[in-house]
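Welcome! Try each task before reading its solution.

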Amino acid sequence: MKSKKFLFPLITFIISFGCALFISLKVFPNNPFTGNKQEKTMTSKYKDGDIIFQTSESKQCEAVRIATNSKFSHCGIIYDINGKWFVFEAVQPVKLTPLEDWIKHGRDSKYVVKRLKNDTVLKPEVLQKMKDYSQQFDGKEYDAYFEWTDNRIYCSELVWKIYKNATGIELSKLRELKEFNLTDPRVQTILKERYGNDIPLEEKVVAPSDLSDSSLLKTVIDTY
C-alpha cells in the first residue's frame, strides 16, 4: 500500500513534466536553450557582428552610389538571435530583419559580408554589449537627412556608432558631406528635395562605402 501511495504522485509528476516540455517547445521554439542547432551549423559562414552590404533599389540609393562612387548603398550588422541570423538595419523604422529576407531586398540578391581582421576582440561579452547598445535605436525613424544625431539614424551611421560605442573601434574616419561627388544631376535632385537651397555641406557623414573600404575589415563572402 505504501509503494502505491508514492507511485501515483510520481506518475503524475512525469506526465506533467512531459506535457510542460512539449508545450514549451511548441510555444517557444527559439528559446536560447532549445535553439535550432542544425540551422546554425549550416550557416556557420556568418559570425555574430559581421557587417553586410548590398545594392538597394531606389532613387536615393542610386544617388548614394553615385555620390560615393560605390556599388553599395545599404548595410547592416549580422546578429545571432537564439540560433537564427538577423540583420540589424536602419530602414523605416530601424529593425531586425531575418537575414534571408534582407538578402532578397538587394539587387539580384547580391551581397558582401565583411569582418574585423582582428575579430578576437568580439568576445561574447562585447557582442552582448553591441546588442544591448543597439536596443536604443530599435524602432527609431530612418534619417533621410543624414544628420549626425541619435534622434533618427541611417544605415552606415548605425553600424559605425554601434562599433564605436560598444567596442571602441572607429571603422572609418567621418567625412563632411561636401567631400562626396555632389555634381551629378541625380544627386543634386535628391539634395534639392531634401534640403532646398540650404545643403549642410559640413555635416559629418559616414557612407556604406567608407565602411566597406575600411582597412580594419576583410571580405569573407562576396556574391557579386
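A residue counts as buried under 20% relative accessible area, exposed over 50%, and partly exposed in between (1.4 Å probe, protein chains only). This is a predicted model, in which local features need pLDDT of at least 70, side-chain atom pairs count only at pLDDT 80 or more, and totals for chains, interfaces and linings use all residues. Residues are numbered from 1 along each chain as its sequence is written, and side-chain values use heavy atoms, leaving out hydrogens and water.

**Exercise 1.** Find the salt bridge that Asp50 forms, and decide whether its two residues are buried or exposed.

*Solution.* 
- Step 1: recall that a salt bridge puts a side-chain nitrogen of Lys or Arg within 4 Å of a carboxyl oxygen of Asp or Glu.
- Step 2: the partner of Asp50 is Arg115, with the closest N and O atoms 2.8 Å apart.
- Step 3: locate both: Asp50 sits in the loop between α2 (37-42) and β1, Arg115 in strand β5, 65 residues apart. Helices (H or I, at least four residues) and strands (E, at least two) are DSSP runs, numbered from the N terminus.
- Step 4: check burial: both Asp50 and Arg115 are buried.

**Exercise 2.** Work out how strand β5 is paired with β8.

*Solution.* 
- Step 1: strands pair if DSSP finds at least two bridges between them.
- Step 2: five bridges join β5 to strand β8 (residues 217-222), in the antiparallel sense.
- Step 3: as one example, Val112 stands opposite Asp222 in β8.
- Step 4: five of the five residues of β5 (residues 112-116) are buried, so the strand is largely enclosed by the rest of the structure.
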